[in-house]
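Me: I've got a fold open here and I'd like to talk through how its pieces sit together. Can you take me through it, one question at a time?

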Amino acid sequence: MSEPVIKPISQTWPDLVPFPARRPRVAPLPAPLTRFVGRNAEIAAISALLRREDVRLVTLTGPGGAGKTRLSLRVAADLAADFADGAGFVPLAAVRDSDLVPAAISLALEIRDGEDKPPAERLRLFLHDREMLLLLDNFEQVVNAGPLVAELLVGCPGLTVLVTSRATLHLSGERVFAVPPLALPLRAASRAGDISALTLSDVAAVEAVRLFVDRAETAAGEFTLTAENAPAVVAICERADGLPLA
């Protein structure tokens with residue numbers, strides 16, 4: 001009995017083609033050094049917007065200290081896997097000239113190809129066939145670069161942009177999400193600072209208090225929210241108007 005002939009794979013499966021090499025993702029998102037607290041409703045609402053096919057530009061607005069950057073990073077981290085090329089973070093707080101925004105984005109995304117071309121053209125070529133979420137942080141001082149964002153969205157069909165800014169971009173298709181302060185306790189008597197109508201567990205569950213306690217524990221590991229210090233903690237949170245960075 002003759003030995004069976006083993007054919008090469010190329011003859012057995014003639015249509016077999018090698019998998020294309022996976023394109024490296026853009027620069028990773030920065031990793032926060034502190035715990036993220038609360039904001040579940042906001043995360044869900046912003047994520048739902050960004051997952052819609054008809055929404056490609058979302059701007060988070062709010063005063064300084066509202067926590068726009070931290071919230072946007074959390075949303076971008078949660079959604080990065082939904083985009084083939086992940087999510088990229090561009091810090092613009094140090095940029096004051098709108099003309100420098102293309103270069104700032106190119107630097108943040110570590111774009112090395114096409115160095116002989118203008119930054120805006122290099123950026124369009126890089127993003128043209130990518131499917132990614134681009135986070136532009138602190139856009140308010142370069143709001144005149146809004147037309148660049150519009151051009152990128154038109155020329156790069158797989159691009160979705162999440163912006164944090166104290167001012168809207170006033171672009172077609174822009175969805176604005178106003179970031180609210182963290183929730184504060186309901187008070188039984190506003191002037192007296194009386195929170196006797198609330199239990200300690202009620203106070204501890206409030207987002208602003210949770211954030212205060214988390215940061216206080218980080219700064220002084222022995223800190224614990226008690227019935228004695230709860231009124232002072234609530235007063236501090238209310239004095240700060242529920243703004244995380246206040």
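Me: Let's start with strands β1 and β4: in which sense do they pair, and over how many bridges?
Reply: Strands here are DSSP runs of E with at least two residues, helices are runs of H or I with at least four, and both are numbered from the N terminus. Two strands pair if DSSP finds at least two bridges between them. For β1 (residues 57-61) and β4 (residues 159-164), the sense is parallel and the count is 4 bridges.

Me: Before we go on, what kind of model is this?
Reply: It's a predicted model, where local features need pLDDT of at least 70 and side-chain atom pairs count only at pLDDT 80 or more, while totals for chains, interfaces and linings use all residues. Residues are numbered from 1 along each chain as its sequence is written, and side-chain values use heavy atoms, with hydrogens and water left out.

Me: Which residue of β4 is the bridge partner of Val58?
Reply: Take Leu57 to begin with: its bridge partner in β4 is Val161. For Val58, the β4 partner is Leu162.

Me: And on the β3 side, which residue stands opposite Thr160?
Reply: β3 and β4 run parallel and are joined by 5 bridges. Opposite Thr160 in β4 you'll find Leu133.

Me: What's the strand order of the whole sheet?
Reply: The sheet is open, with 5 strands paired in parallel. Its edge strands, each pairing on one side only, are β2 (87-91) and β5 (174-178). Neighbours are turned by 20° against each other on average, direction ignored. The order reads β2-β3-β4-β1-β5.

Me: How many of β4's residues are buried?
Reply: Buried means under 20% relative accessible area, exposed over 50% and partly exposed in between, using a 1.4 Å probe and protein chains only. On one face, Leu159, Val161 and Val163 are buried, and on the other so are Thr160, Leu162 and Thr164. That leaves β4 mostly covered, with the count at 6 of 6.

Me: Why does Thr160 count as buried?
Reply: Thr160 is in strand β4. Leaving aside neighbours within four places in sequence, its contacts (heavy atoms within 4.5 Å) include Leu50, Phe83 and Met132. Thr160 counts as buried because its relative accessibility is 7%.

Me: At what angle to β4 does helix α6 run?
Reply: Axes are lines fitted to C-alpha atoms, for helices over the stretch in contact, and angles between N-to-C directions go from 0 to 180 degrees. Helix α6 (residues 146-155) lies across β1, β3 (132-137) and β4. Its angle to β4 is about 155°.

Me: How far apart are the axes of α5 and α6?
Reply: Helix α5 (residues 119-127) packs on α6 at about 30°. The contact is made by Ala120, Leu123, Arg124 and Leu127 of α5 with Leu148, Glu151 and Leu152 of α6. The axes are apart by 10 Å.

Me: Last one: at roughly what angle do the axes of α2 and α3 cross?
Reply: The axes of helix α2 (residues 40-50) and helix α3 (residues 68-79) come within 10 Å. The contact involves residues including Ile43 and Ile46 of α2 and Leu71 and Val75 of α3. Their crossing angle is roughly 55°.
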